[in-house]
Structure formats: structure tokens, C-alpha cells
Amino acid sequence: MISRADQGLQPQRTALAWRRTALTFLVNAVLFLRAGLLSRDTWIASMGVVALLAGALTVIYGLRRESRFRHGSVDAIVVSPAVVVAVSIGALAICLTGLCLVMRSL
Amino acid sequence: MTTEMRDKVTTRGKWMPSWRSEGNEPDYRFSLANERTFLAWIRTALAVLAGSVILEQFATHISPRWALVLIAVALCSASGLLCVLAYYRWRDNELAMRNSAPLPHNYGIALLAIFAVLAAAILACLLPFAG
């Protein structure tokens with residue numbers, strides 16, 4: 001079992017970190033949606049939707065892990081490398097879309 | 001953390017790269033701290049991206065336009081680099097913790113600082129001439 005002293009601290013901080021990350025996905029989603037809808041660019045707008053989904057997935061994953069922590073489930077402590085890779089690739093995809101969005105006016 | 005707890009700590013997910021079985025499982029608190037740092041880098045990358053998009057979309061009165069777009073492109077590239085860096089930093093730290101080696105040096109901080117200073121300096125030069 002996770003010691004009582006750590007129960008509220010480390011897992012909660014990690015869950016909060018996931019939530020903050022979800023927020024940045026959502027902020028970028030709003031920016032892309034706005035840019036895509038204004039310029040009637042369906043690809044940019046759809047990447048906005050993808051970013052929205054990424055944000056939602058991040059929130060859900062954070063909540064899942066937090067509930068696992070609370071039940072003292074030891075095998076849920078360390079994040080799976082697959083999730084880390086998925087988050088990196090998702091964020092990279094959004095960055096590349098941003099690059100295309102910004103380069104359009106060149 | 002008791003030894004039996006340490007033995008039971010495994011990672012979820014079906015895919016595990018080979019380096020995952022190297023060394024010893026680190027204290028879970030260090031792994032969580034590493035994970036939070038990874039997320040912080042991802043957030044930084046996405047914040048730089050948001051800044052770049054906002055700059056390109058809303059700073060319409062700054063001339064010349066191509067200089068502004070160039071800054072935005074540079075910031076977007078930096079954000080993409082930071083995403084890749086975030087994963088490798090997380091992975092290298094996990095490996096170092098597993099093998100009880102010193103934590104590797106992180107170049108992302110220098111990269112970020114240089115980009116931020118350059119972008120701010122160029123914008124500061126452009127702003128007085130804004131229409």
C-alpha cells in the first residue's frame with residue numbers, strides 16, 4: 001500500500017499535471033478551430049477537433065490514474081511508455097499542424 | 001517501499017521497450033516526478049505553439065509581415081522539437097534512475113531560453129514601427 005503520507009501528495013500532483021496538460025491541448029484546439037472556421041480550412045478545423053479529443057482523452061486518463069492511486073493499486077503507479085509515446089506524438093502532430101497554419105500566409 | 005511492493009510494481013500497457021527491463025525499478029515517487037516533468041515539457045511546447053499561432057493570427061499591424069511569420073515559424077519548429085525532446089528526456093531519466101547513474105544533461109532548457117530571447121528581441125525591434 002502507498003504510505004498515507006504520500007497518498008495525497010504525489011498521485012494528486014500527477015493527476016493535476018495531467019489536467020493542466022489537457023488544458024493546453026484544449027487552448028490549442030480553440031485556436032485551431034477559430035482559425036480553421038474563419039478561413040474555411042477544413043483540415044485546420046478538423047485538427048482543432050483532434051486536439052479537443054486529445055484534451056478529453058488526457059482528462060480521462062488522468063482521472064483513471066487518480067482513482068487507481070486512491071485504491072492503492074500498486075501496479076498502476078508507473079506510467080506506461082506507450083502512453084508517453086502517444087502523448088509526445090499527439091503533441092507533435094498538433095505542432096506540425098500549427099506550423100502549416102502559420103506558413104499558409106507565406 | 002518494501003521489497004515485495006517493489007517486486008509487484010509493474011507498468012501497465014502491452015508494449016514495453018527493451019530498456020524497461022534494464023536495471024532496477026526506481027522509487028515510484030521518482031518515476032512520478034519524471035512523468036510530471038515530461039508533462040511540463042509537453043505543456044511548454046504547446047504553450048509556445050499557442051503563442052506562435054496567436055502571434056500570426058492577431059498581430060496584424062506589425063510590419064513587415066514576413067518577419068512576423070518567420071518568428072511564428074521558428075516558434076512552431078521549437079515547439080515540435082520540444083515535444084520530441086520531452087519523450088527522450090523522460091526516457092533518458094528513467095534509464096538513469098534504473099541504472100543508478102547520474103541524470104543526463106538536458107539541452108531543452110537552453111534551447112527554450114535562446115528561442116524565447118531571440119523572438120522577444122526581434123519583436124521588440126519590430127514593434128516601434130508597427131502601423
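One salt bridge (a side-chain nitrogen of Lys or Arg within 4 Å of a carboxyl oxygen of Asp or Glu) is counted between chain A and chain B of this predicted model. The bridge joins A:R65 to B:E35, with 2.4 Å between the closest N and O atoms. On the side of chain A that touches chain B, α2, α3 and α4 of chain A each give two or more residues, helices being DSSP runs of H or I with at least four residues, numbered from the N terminus. The largest share of this side, 16 residues, comes from α2(A). By class, the side has 30 nonpolar, nine polar and nine charged residues; Ala, Val, Leu, Ile, Met, Phe, Trp, Tyr, Cys and Pro count as nonpolar, Asp, Glu, Lys and Arg as charged, and the others, Gly among them, as polar.

In total, 48 residues of chain A are in contact (heavy atoms within 4.5 Å) with 43 residues of chain B. The buried area, meaning the accessible area (1.4 Å probe) lost on putting the two parts together, summed over both, is about 4,100 Å², with 71% of it on carbon and sulfur atoms. Of the area that chain A buries against chain B, 15% is supplied by A:V78, A:P81 and A:V102, more than by any other three residues.

Residues are numbered from 1 along each chain as its sequence is written, and chains are lettered from A and ligands numbered from 1 in the order in which they are written. Local features need pLDDT of at least 70, side-chain atom pairs count only at pLDDT 80 or more, and totals for chains, interfaces and linings use all residues, while side-chain values use heavy atoms, with hydrogens and water left out.
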